[in-house]
Each structure stands twice: as C-alpha cells, then as structure tokens.
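Have the sequence and the 3D view handy.

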Amino acid sequence: MKKRILISACLLGVGCRYDGASKAYPGVERLMERYELIPVCPEQMGGLPTPRDPAERQGERVSTRSGKDVTEAYRRGAAEALRLAEAFSCTAAVLKERSPSCGKGEIYDGSFSRTLIPGSGVTAELLAHQGIRVLGESELGELEAEY
C-alpha cells in the first residue's frame with residue numbers, strides 16, 4: 001500500500017486558486033507513482049468561492065484586498081485539511097508556496113505589494129503543529145529521495 005500525502009489541489013491542475021486558475025507543478029506526476037495523493041483546497045473547504053478576492057495573512061488574521069476579514073473561513077479550511085490528513089493517515093503534505101493558507105516558511109506580508117516575509121499560512125501552520133511534515137512544491141525532491 002502506498003503512503004498517502006496531502007497535496008494542494010491547484011498543484012494537480014485544479015482551478016481552485018483565488019483567480020480560478022491552477023498552478024499545475026511539473027514533477028507532481030512522479031509523486032503519483034510513489035504516493036497516494038489526497039487533494040485539498042483549504043480555501044474552498046473553508047467555504048470560500050472560486051474565484052474570490054485575493055487574501056493575505058496579517059499576523060493571526062487573513063484579509064482580502066478589499067478589507068474583508070476571512071480568518072474564520074481559513075481556519076475552517078485548515079481544520080478540514082487536518083481532518084482529511086488524519087482520516088487518511090497522511091504524514092506529509094505538499095502545499096502551494098507563499099499562499100495565505102498553504103505557504104510554508106514564506107508568505108506575503110498582507111500589504112498586497114508582493115512583499116514576502118517569514119511565516120506560514122494558516123493550514124501549513126496547523127498541520128505542522130500537529131506533527132505533519134509540510135513541504136512546498138519546490139521541495140518535491142525531498143520526498144522523491146526518501147522513497
């Protein structure tokens with residue numbers, strides 16, 4: 001039986017990003033040979049529509065460019081992603097870098113100026129806190145090397 005890992009649905013080519021687009025990532029296909037992938041989109045799972053106003057994390061809050069606080073939707077989505085990770089016994093997650101929900105280690109600063117700061121998205125932070133290994137798409141090679 002293959003190990004299971006969570007993966008941001010947009011990296012698989014699902015048009016679930018804020019702008020309705022995907023961010024299909026080369027190399028994800030190789031993961032499918034070794035792992036069972038469990039797709040997640042925390043923003044949609046938290047009840048946000050697609051397309052939606054772009055959002056960025058500002059400390060513990062997440063706000064849209066128009067100023068709407070969407071923190072609770074991001075928290076709900078993170079909780080649902082964790083629930084799936086636990087239900088499928090996932091020990092790792094490959095998430096979309098720089099996202100206010102999925103980013104790991106570096107996210108936009110909340111000014112909508114494309115300025116990056118150290119930090120993680122709401123989902124990445126929750127998963128890591130619960131002991132699930134979180135990787136960004138640029139770190140796929142780490143999973144391939146372990147197999």
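Start at Arg17 and Asp19, whose side chains meet in a salt bridge, 3.8 Å from N to O. A salt bridge here is a side-chain nitrogen of Lys or Arg within 4 Å of a carboxyl oxygen of Asp or Glu. Arg17 is buried, at 18% relative accessible area, while Asp19 is partly exposed, at 39%. Buried stands for under 20% relative accessible area, exposed for over 50%, and partly exposed for in between (1.4 Å probe, protein chains only).

A quick word on what you're looking at: this is a predicted model, where local features need pLDDT of at least 70 and side-chain atom pairs count only at pLDDT 80 or more, though totals for chains, interfaces and linings use all residues. Residues are numbered from 1 along each chain as its sequence is written, and side-chain values use heavy atoms, with hydrogens and water left out.

Back to the charges: the whole structure has 12 salt bridges. Another one pairs Glu97 with Arg98, with the closest N and O atoms 3.9 Å apart. Salt bridges with shared partners also link Arg57, Glu60 and Glu125 into one network.

Now find helix α3, residues 71-87. Helices (H or I, at least four residues) and strands (E, at least two) are DSSP runs, numbered from the N terminus. Within α3, Arg83 and Glu80 sit 3 residues apart, about one turn of the helix, and they form a salt bridge at 2.9 Å between the closest N and O atoms. Both are partly exposed, Arg83 at 45% and Glu80 at 29%.

Other parts of α3 are tucked away: its buried residues include Tyr74, Gly77 and Leu84. Among the elements that the buried residues of α3 pack against are β1 (3-8), β2 (35-40) and α4 (122-129). Leaving aside neighbours within four places in sequence, Thr71 is in contact (heavy atoms within 4.5 Å) with Glu60, Arg61 and Val62.

What about the nonpolar interior? A nonpolar core is a set of buried Ala, Val, Leu, Ile, Met, Phe, Trp, Tyr and Cys residues joined through side-chain atoms within 4.5 Å. The largest has 16 residues, and those with the most contacts inside it include Ile5, Leu31 and Leu143. Elements giving two or more residues to this core include β1, β2 and α5 (140-146). Apart from this core lies another, of 14 residues, among them Leu6 and Ala85.

Terms used
Expected span 1.5 Å × (residues − 1).
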